Amino acid sequence: MRRLILLRHAKTERDAPSGKDHDRRLEDRGRSDAAEIAAWLAAEHLVPDQVLISTATRTRQTWDVLSELFPANREPQVEYLPELYSASASQLLQAIHGVSAGINRLMLIGHNPGLHELALALTCTCNEAERRQLSGSMPTAAVVVIDFPIADWADAAFGTGKLQHFVSPKVLREAS
């Protein structure tokens, strides 16, 4: 069994001082939302073994917030991949296929629309209630957790994942 944790970067400033989308930074709300998601992930024992992160400033900053709040004895392997920025669902799946079979819990921190499209494509055989959860959008700092009955990440395929969780900071606030 393999578990994939998809995380969209947290809330960002509208424009970066450089004028480049790649350089947009987290807002204060984004830092707060990322911390809230990190606490939920830790409470649910969803700390990854490996993390693949887009090189955009906002994804790196989202990881920085998360990594500070995870248990100190659980330091995952971290890899920053430029190809995750603006990646399609198929390109994201290719990155997943490159992960070692020894990794059980993989986290991908990236961007929409590719991340949301990936979640939909991986779980396209889920039931109607689960499908409804993912049908709207994947807001900033949202997490999708998908399980696969596979022994190697190279075997992950569209339609083979089982949706376990769809959580956002808003969903967590409404639940408390």
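Reader: In strand S3, which residue is the bridge partner of Ile-53?
Author: This is a predicted model, in which local features need pLDDT of at least 70 and side-chain atom pairs count only at pLDDT 80 or more, while totals for chains, interfaces and linings use all residues. Residues are numbered from 1 along each chain as its sequence is written, and side-chain values use heavy atoms, with hydrogens and water left out. Strand S2 (residues 50-54) and S3 pair in the parallel sense over 5 bridges, where two strands pair if DSSP finds at least two bridges between them. The bridge partner of Ile-53 in S3 is Tyr-80.

Reader: Through which helix does the chain cross from S2 to S3, and what is the handedness of the crossover?
Author: Helices (H or I, at least four residues) and strands (E, at least two) are DSSP runs numbered from the N terminus, and the element on the path from S2 to S3 is helix H2 (residues 57-69). A crossover is right-handed if, with the strands pointing away from the viewer, the path from the first strand over the helix to the second runs clockwise. The β-α-β crossover through H2 is right-handed.

Reader: What is the order of the strands in the open sheet, and which are the edge strands?
Author: The open sheet has 6 strands with mixed pairing, in the order S3-S2-S4-S1-S5-S6. Within this sheet, S1 and S5 pair in the antiparallel sense over 6 bridges, and Arg-2 stands opposite Phe-148 in S5. The edge strands, each of which pairs on one side only, are strand S3 (77-81) and S6.

Reader: Why does Ile-146 count as buried?
Author: Ile-146 lies in strand S5 and, leaving aside its neighbours within four places in sequence, is in contact with residues including Leu-4, Leu-6, Ala-119 and Leu-122. The C-alpha atoms of Ile-146 and Ala-119, 27 residues apart along the chain, are separated by 8.0 Å. Buried means under 20% relative accessible area, exposed over 50% and partly exposed in between (1.4 Å probe, protein chains only). Ile-146 counts as buried because its relative accessibility is 0%.

Reader: What is the radius of gyration of the protein chain?
Author: The protein chain has 6 helices and 6 strands, and buried residues make up 51% of its 176 residues. The radius of gyration is taken over C-alpha atoms, and the globule rule is 2.2 Å times the number of residues to the power 0.38. For 176 residues that rule gives 16 Å, and the chain is as compact as a globular protein of that length because its radius of gyration is close to this, at 15 Å.

How values were computed
Contact means heavy atoms within 4.5 Å.
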